Every structure is written in structure tokens, then in C-alpha cells.
2 protein chains.
Amino acid sequence: MNMKKFLLVLLLFPIIASAQDYSTDSAFIKSISNNVLGNRTAAYNNLYYLTKKIGGRLSGSPQMVLAEHWGFGAMKAAGADSVFTQQCMVPHWVRGGKDRASVSYIDSKGKQQSMPVEILALGNSVGTGAAGVKAQVIRVHNFDELEQHKNELKGKVVFYDVPFADTLINTFEAYGKYVIYRAIGASRAAKYGALAVMVRSMTNSMDNHPHTGALHYLDSIKQIPAAAVGLVDVGRMDSLIDAGKTLTAQIFTYGKMLPDTIGHNIIGEIKGSEHPEQIITVGGHLDSWDVNEGASDDGTGVVQTIEVLRAFKSLGFRPKHTIRFVLFMNEENGTRGAKKYAELAKANNEQEVFGLESDAGGFTPRGFDVTTSTGGFERLNAWLPLFEPYGVTSFGKGGGGADVDPLHTTFGTDVGELRPDSQRYFDLHHAANDVFENVNIREMKLGAINMAALLYLIDKYGL
Amino acid sequence: MNMKKFLLVLLLFPIIASAQDYSTDSAFIKSISNNVLGNRTAAYNNLYYLTKKIGGRLSGSPQMVLAEHWGFGAMKAAGADSVFTQQCMVPHWVRGGKDRASVSYIDSKGKQQSMPVEILALGNSVGTGAAGVKAQVIRVHNFDELEQHKNELKGKVVFYDVPFADTLINTFEAYGKYVIYRAIGASRAAKYGALAVMVRSMTNSMDNHPHTGALHYLDSIKQIPAAAVGLVDVGRMDSLIDAGKTLTAQIFTYGKMLPDTIGHNIIGEIKGSEHPEQIITVGGHLDSWDVNEGASDDGTGVVQTIEVLRAFKSLGFRPKHTIRFVLFMNEENGTRGAKKYAELAKANNEQEVFGLESDAGGFTPRGFDVTTSTGGFERLNAWLPLFEPYGVTSFGKGGGGADVDPLHTTFGTDVGELRPDSQRYFDLHHAANDVFENVNIREMKLGAINMAALLYLIDKYGL
């Protein structure tokens, strides 16, 4: 602990600070840290099994079912007082085949040239089928350019070439700004008669892995195929277009939406000793995309959630409030599990105290982002010295995440999310390289330690 | 910038703060950040060439010479006002062959069993030669145990099985505590007649890569072979020993110390506009171990040093003081380059203002550790809000590093080092997996941005 800062905080928040027993808290958090970092098997084996033995687990897939069964057993093994499931209907999109594409053009000698382009169909998208789509490429850098070219788009392939602002330090800012092109770019182009869209992958990476992710078709507009393109191939296409070439793309995708099917939230619980009816929720999402192992998205959030449970039970910690450790289903393309969780909480007249989520990768923790009242922030900042030894150095305003936001919307519950370092996340987000090997186990554990610390403090003092 | 914290700092250090023009500084640092993050080729290509085209570059090796030539050209390409070299004599240790080992034991059926063990000879160690060493293994967990067993060590192989305290958050703490077993364990065991030592690798990793590093033979004690063992094999050996088996190790290493040879520090300079005779030094080390690409140790420090130079020149920044960008030779097994640098500075009656080093990996930056007067820390902490947007959230007391410490020792110069997040460093430190692929380019660049910011501020305001 940085004693100078600690004293400073004491100075600024004398009432809160003096009312709290920081030395006990500091010692308990240290015992959590020792328990988690000192255990070389639990978290490691959980992540290994989920990623290497089960792998990608898109909603509706056989792997989703395997993951649900695994999660149930893992919660029991971690020592939950009880484990239960919540059924929900989930969308069932299948990729349906191997996505592939090429672009061709006439070179300076008048000869036709062609090059393969690495693509991945976007989640929820319709496929081209075996016939494929073959058409001229129109490149646009934003929706304004799309509108300028609207009369030229009929029968064409629109290529959304939107750079992923490298100069933004927080990579989620870039994602937040540009993900709309992946989300609704297809419908915006289809409105003007485009046959398909290619979208520059949402990544800072230097490799050629395409990054998939959910697409959302706008109502009453024709649904057209859509695929993400790897950055190296984007560079090649740019070079050709910049040199004045007219590109023709040929695209084969096979995506298909099957009828909704059954999925489950998996929930482990520690019963509250004083207020069992008041519930603190913590979780990550169990589903992932189909093209990788779903390691950082969100295997790490899942494993951290289970690890907090395991450490609490291992240390004999008895929370005042009931703590629910939730593996949410279907975050990636529907958030049906999260909606069901809030819906059932409302139906059961539950009291929701706080919701915490980890879904930004298992990277070294930097902070938490929290949606709460001003009073909450005074308290959080007073706690900061307790977190600093473990890497969390700030609480940001405004945070939650797709899986706990419905609690906030439904009940006004305060919600928050772990904020890991963001530099590596979009190198592997929704891409083939989101695998076990790209997770650092200690960094993931540090996240779990900070999550446990926050839950412990909120359980003890409220927010 | 976190405005609340910024105002707090203003409140605490009114005199310093009011004397400084933070908005100009903040804007300049932002321009550095945009320049570095916006350039997708310079730092990437430098690291790629150094690691993939040159690779491991131990002092005295042909790759060392290639790296020196490359470094000279890279400094010129980055726009240095002048580039020069400093010659120094460096130790010339060669591995001499493929290290290998096995352990054998009698199983419960009375049958001899054998298993290979992944080893790497320690740097500077003598080899077993083709005859190898074959002897019973005596395991000890610390020097106290060694002393307890001193009468049993004659003719044996001592196995230093010292766990790398997983529960320490800062991995360098564990390293600082236990590296002595790698450094002088061989001599301590040889004193009692041991034939060779095996040392548990200094790592938190879950893989089996042995981690080499410098050994130092104590005077007048017989020099015996010494090798690091991978952690998975350490676990296997432990299981057997814990089960009561007597292990016999067979070890083959071929290390040899050749006569000292010639190496060079490579130095690029920007001449000071007001105090050209006053020198600020920044650097990393150009040499590395032979078993990997020397990517995080210390390719990233080298590339960051060159990147700061490139960004400064690219932005037309004219420092008041002369800034020297130094690629130090022979940090790994002698620090002869660093010693030569300080020695020449003294011989030339130079004025040394500050020395900054990056040699803890190109991981996301967390802070700087600095050795300076109390006044220096007040100033540094007043600057903190300028760094926070780029990831540096604290200045720690006491820091420098092997390459800038001789400046402190010789002149009393204030010195400091970049403190990146430490979780991943000892997964790859001195091991075969310290390669280009395990560096995240954005994290490395963030380090360079913070280094540039600190140099800019020290040049402008002093420390």
C-alpha cells in the first residue's frame, strides 16, 4: 500500500475512513491474493478445460451444452452452497461452412490478377451460399461516404474500410466508435441495393486474422451477406484501390439462423449470513464465438468468477449478503441470458445490491468502471489504497456491461466492471487467436483478486 | 487526464505547479503519443529486424556485431544529430553445444527408469564436456539446507529447488530474492565437493522452458558446471524425490569462456540547444542471451530508446540539454558497456543530468522507479497527471538499473527506470520463448511514450 496516498485519502474522507477498519480489510484481501496466486491448479485447469477441451461455444452449439455442464460442475467443485440454472431461449446461428473470398483486378499489362482475402462471416449474417457473390467493390471510409455513393451501390460489394484509431490509448474507445459499421453496415448498404459487405476488422493488430462479431439487420431491409476482413488483406486491397484499380470481390459464406434453442445461465451461490434476501451478482459470459477458444472473451471472466467463489469458500468467508456467481449465456449475439436473469429477479421480487462483470479480457487489472451515485464514488476512492497493491489504481465513472446492465435498467442497481489493461484485447477479440496460450494466468488471477476485494468491501460496507 | 486528481496535485504543490505550463506539456506529450502510436512501421520493423533477422546476440557472438551495425544504422535512420560508438572489452562465453540432461532412479519393481530433463547451462559456466557428469542428486531448498547437508555433497549433483514465490505481486521481488541461487549456488556447492548443480528456473511460468542467466564463480573455489531446469521437469523430479526415490542425474553441457573480445555501445545524440555540455542519458541494452531472440530482454528497451529519438526528431523537438540515446553492450554478463560509458563520461569531465533505462520488458507501463532527492519526488508527483493518460500512475522510490547505475555511482546522477507491468516478464526471461511474438507492439510503444514524456519534462524543468 502507498501510505502517502492512503493518508491523503484519510484526510479527504475522514468520516468514511475513520468508520472503517482498513487493517482487517487489507489483511483479508492479502489472504485472498495469497490463496489465488498460491494455487497453481484451480484457475489454470478451469481455463484449460473450458478453452482446450470444449473450445468455441456459440449459443446453440453442442459446445454450449458441454460448457453448461462443465460450468455446473466447476461451481460445485469451487464449493458453492448451491448451484442452479436458469433456462432461456437463445438464437442459434451457424456459420455453415468455410468462409472464403478473393479479389480480382486487371493489372497494368491488361492481365487479370486475383488474390485470396482472409474473411470471417459476421455473426447472425446470411450466407452467400455455394453460388457466392461476385461484384465490384466500392470502398467507403464512413457512412457519409456511403451516402455520397448511394447511387453507385446497386449490385456492388461495399467495403467498409474504417481504420481502428490507433492513437486512442483505450482501445475500447475505438471499438465503441466504429463497431457500428460491423453492426449495421450491411443494412445501410443493402438499402441502396448492395449485394454484400466486407468490413475492415475491428483491431489494432498487425496480423491477418479477421475479427467476427455480431451483426444486426435493420427491420424491413433485405438481409445481405457480410464478412470481416483481416488487416493485412485490407492493406493489400487499399494499395490496389489507391493505385486506381477496380476490384471485383468474390465471396462465399454460409451463415444461417436456425430456430431459437434452449440455453442456460449457470449460477453458484453463497447464502448471505445477515441479508440472504439481498443479492450481489458477479459474472462473466459462458458463450463465445465459434472461431476460437473464447479464452479472453470471456473464458477469463468465467474462470475469474469461479475463482472468486473458490477463494471465498476456501478462506471460510461468510458474506452478509447472498453472492451469486453467474455464468451468463448468450452475451455475444443476443444477451438473452442477462435479460432472463433480470427478468427472473424481478418476477421473484429480489433485492439487487450490486452487479459486477468481467468481460474485457483477463489482462492485468487497471481499475473498475462503476455506475453509482456520487456517494458511491467517495467510498470507492476511499478504498483505493486497498486495491493499489494488486494493480487497480482508479475507479472510472460509468460502467457495467452487457450482462449486468439489465439489473441496472430493471432495478436501478449499481453495476460495475473490471477494467483490465486494454492494449491486447482487440488483437484477439472475436478472432482465431483468442486462445488459451494468449492468456497470462497471473494477470487473470490478479483480476480475480481485485474482483474478490471489491465484492468483499461492498458486502461489508455497502456502496 | 483525471481532472480531480490534477486539481488535488495543484493544491498540494502550489508553487511548483503554478510555475509550470501544464497545458503546453500535456499537448506536447499527446503529440508524442499520436506520433508513436500512429506510426505502424518504425518501432515494429526495428523490433522485427533485431529479433527475427539478428536474433540472440550474446556478447562476443557474431550476432552482437550484426546488432551493433544495425543499431548504428537505426539511430541514423531515426534522425540522430550524430551517431558514435564506444569500444569496450566484453567477456566471450559460448554455450559450445546442446545442453541436455536426464535423471534415473529405481522404480518400485526394482527396474531402472530414466527421464530426460530440460536444461540450459547457466551463462559463464564451465561445461561437463562430452564425458558429462553423472552423480546422485541432493535436493536443497535454500542455503541453510545446503549447509546442513554439507558433508553429503562430495561427488554429488546439488539441485537448488527454490520456489519462485508466486504470491509476490511484483515478480521482480521474487527474482531479487532468489537469483542468488543461480548466481553463486555453484560455488557454494563446489566448496563442499559437489560435481555440478541444477537450479530450478527463476520463473512463475507453467511451461518447461529452462531460464538461463549469469552465474558468478567465487574466487578460489573450483568451477563446476551449472544448469537451469524447466519447471515441469522440476515438478517431476520433486514427485520422485518426495516419493522417496534416489535420483541420479546425468548432465552434458559445453560452456566455455574464451578470451575477452571487442564490443561497443552504440550512441545517438540530439545536441542540447542551451546546455549542450549537460547530458541526459536514456537507453536499453543491445546484447541478449543466446537461446532466444532477446525480444523483451532487451529488444524492447532498445527499440523504445530509438523510438523516443525518432519521435523527438519527427516532431522537431529541440531539447535544452544534450540527450544521448544509448544501446549498452554486455548488460547480461558483465555490464562492461555501462562501466565504459560512465568511465568515459568521467574522463571527459561530462555533466550528467539524468539517466533513464528500460530493461524490464516492453509490457504496459505502470510507473517509473527513480533514485533522486526528496525534492525530485515532489516534482515527479506533481507531473503524475501528465502521465496517467498513458498508463504511468506512480513514481517509486529507488530505481535505476544495471546500465545507468554506474552514472549514479560515479557522479551521483539521478537515475530511473521504466516500470512496466511485471506479470509476464519472468515467463520468458532468459528462456527460449523470449521472442518477437511475445511482445505487444502497442504496450512497448506506450512505454516509449512515457519515457519520452519524462525526458521532455526533465529537460524542461530539471528534476
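Reader: Before we go on, what should I know about the model and its numbering?

Author: This is a predicted model, in which local features need pLDDT of at least 70 and side-chain atom pairs count only at pLDDT 80 or more, while totals for chains, interfaces and linings use all residues. Residues are numbered from 1 along each chain as its sequence is written, chains are lettered from A and ligands numbered from 1 in the order in which they are written, and side-chain values use heavy atoms, with hydrogens and water left out.

Reader: Thanks! What is the strand order of the open sheet that holds β2 and β9 of chain A?

Author: That open sheet has eight strands in the order β3-β2-β9-β5-β6-β7-β8-β4 (chain A), with mixed pairing. Its edge strands, each pairing on one side only, are β3 (112-117) and β4 (119-121) of chain A. Neighbouring strands are turned by 30° against each other on average, direction ignored.

Reader: Which strands does helix α8 of chain A lie across?

Author: Helix α8 (residues 231-242) of chain A lies across β2, β3, β5, β6, β7 and β8 of chain A, running at about 155° to β3(A). Helix α7 (residues 171-190) of chain A lies across β6, β7 and β8 of chain A, at about 150° to β6(A). Axes are lines fitted to C-alpha atoms, for helices over the stretch in contact, and angles run from 0 to 180 degrees between N-to-C directions; contact means heavy atoms within 4.5 Å.

Reader: And what is the order of the sheet with β1 and β15 at its edges?

Author: This open sheet of eight strands runs β1-β10-β12-β11-β13-β16-β14-β15 (chain A), with mixed pairing. Edge strands β1 (82-94) and β15 (394-397) of chain A each pair on one side only. The twist averages 25° from one strand to the next. Within the sheet, β13 (residues 351-357) and β16 (residues 414-420) of chain A pair in the parallel sense over four bridges, and A:Leu356 stands opposite A:Gly416 in β16(A). Helix α14 (residues 441-461) of chain A packs on the sheet, and its direction makes about 40° with that of β14(A).

Reader: How much area do chain A and chain B bury between them?

Author: The size of an interface is often given as the accessible area lost when the parts come together. Chain A and chain B bury about 3300 Å², 49% of it on carbon and sulfur atoms; this buried area is the accessible area (1.4 Å probe) that two parts lose on being put together, summed over both. In chain A, A:Arg40, A:Met206 and A:Arg442 lose the most area to chain B, together 22% of what that side buries.

Reader: How many salt bridges are there between chain A and chain B?

Author: The count is four, where a salt bridge is a side-chain nitrogen of Lys or Arg within 4 Å of a carboxyl oxygen of Asp or Glu. One of them joins the side chains of B:Asp166 and A:Arg40 (2.8 Å, N to O).

Methods
Pairing = 2+ DSSP bridges. Helix = DSSP H or I, 4+ residues; strand = E, 2+ residues; numbered from the N terminus.
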